[in-house]
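Reader: I am new to this structure and would like to go through it step by step. Could you show it to me, please?

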Amino acid sequence: LLALYSSSSKYHKRLNEDYKKQITAEAEYYSKLAEANFELRQFKHNYGNASIGFKRLLTEGKTKEALELLESQNQEMETSEVPFDTGSGIVDALLSEKQKQAQKINTIITFKGDIPEDAIKAVDLCIIFGSTLDNAIEACEKMNSAIQKEIHIYCVCNSGFAFIEIKNPIQKKVEIHGNLPKTTKPNKESHGFGLYSLENVIKKYEGEVVCKCDESTFTITMEFSIIKKSD
């Protein structure tokens, strides 16, 4: 029994370490993507000044050149549109990537509220939004692809506290054990690290995770402190 326990413990420890490495890599990726999105927003902000150049071309009679330049700039802006403005560049980047996945299964993600910049660590943001959205998208994937689904995210931060609520439709009611949804995947021992890590992250911020489910909707809420404390 001791040998079996030791082997199982090492196995789960290795899985947990692999998961941490994956989340850290994702955080670095979304951080770089957030920088790119910031540069794009800067470009949009300065777009008005660029229009002076277009007007100059027009006054010089170079109508064709001005129109071609204007059209190319408009196309670049449309194709590079950042669909979310949460207040956090990391979350904007993460939600944008998740939206691409969701669109493939006729699902849209909506966000309402704001997230204070730098109030939550990048790795923790990836766990909070990455794990929950992966599960929400997976639930929508099981539903009729002809029906458009919506994943709703609501976030409010006030007086040093944060409240996040994520809702997604479901095909059938999900069982909840120990305040977390019971996994339906065959290899149960190798899954569940996402929500387990989520619960640990929220506890680190002195908060709690609550999962609720009815016949049509799964809801996960997180309440926690975002007051910065000295180490």
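Predicted model: local features only at pLDDT ≥ 70, side-chain atom pairs only at ≥ 80, totals over all residues.

Reader: Which residues of α4 and α5 meet?

Author: From α4, Ile 90, Val 91, Leu 94, Leu 95, Lys 98, Gln 101 and Ala 102 take part. In α5 they meet Ala 122, Leu 125, Cys 126, Phe 129, Gly 130, Leu 133, Asp 134 and Ile 137. Of the residues in this contact between α4 and α5, 11 are nonpolar, two polar and two charged.

Reader: Turning to the largest nonpolar core, which residues touch the most other members?

Author: Those are Ile 128, Phe 129, Leu 198, Met 222 and Phe 224, in a core of 44 residues. The largest share of this core, 10 residues, is supplied by α5.

Reader: What is Ile 128 in contact with, leaving aside its neighbours within four places in sequence?

Author: Ile 128 then has contacts with Ile 120, Ile 164, Leu 198, Val 201, Ile 202, Met 222 and Phe 224.

Reader: And Lys 172: is it buried or exposed?

Author: Lys 172 lies in the loop between β3 and β4 (176-177). Its relative accessible area is 65%; exposed means over 50%, so Lys 172 is exposed.

How values were computed:
Residues numbered from 1 in each chain as written. Heavy atoms only, no water. Contact = heavy atoms within 4.5 Å. Helix = DSSP H or I, 4+ residues; strand = E, 2+ residues; numbered from the N terminus. Nonpolar A, V, L, I, M, F, W, Y, C, P; charged D, E, K, R; others polar. Core = buried A, V, L, I, M, F, W, Y, C linked by side-chain atoms within 4.5 Å. Buried < 20%, exposed > 50% of the residue type's maximum accessible area, 1.4 Å probe, protein only.
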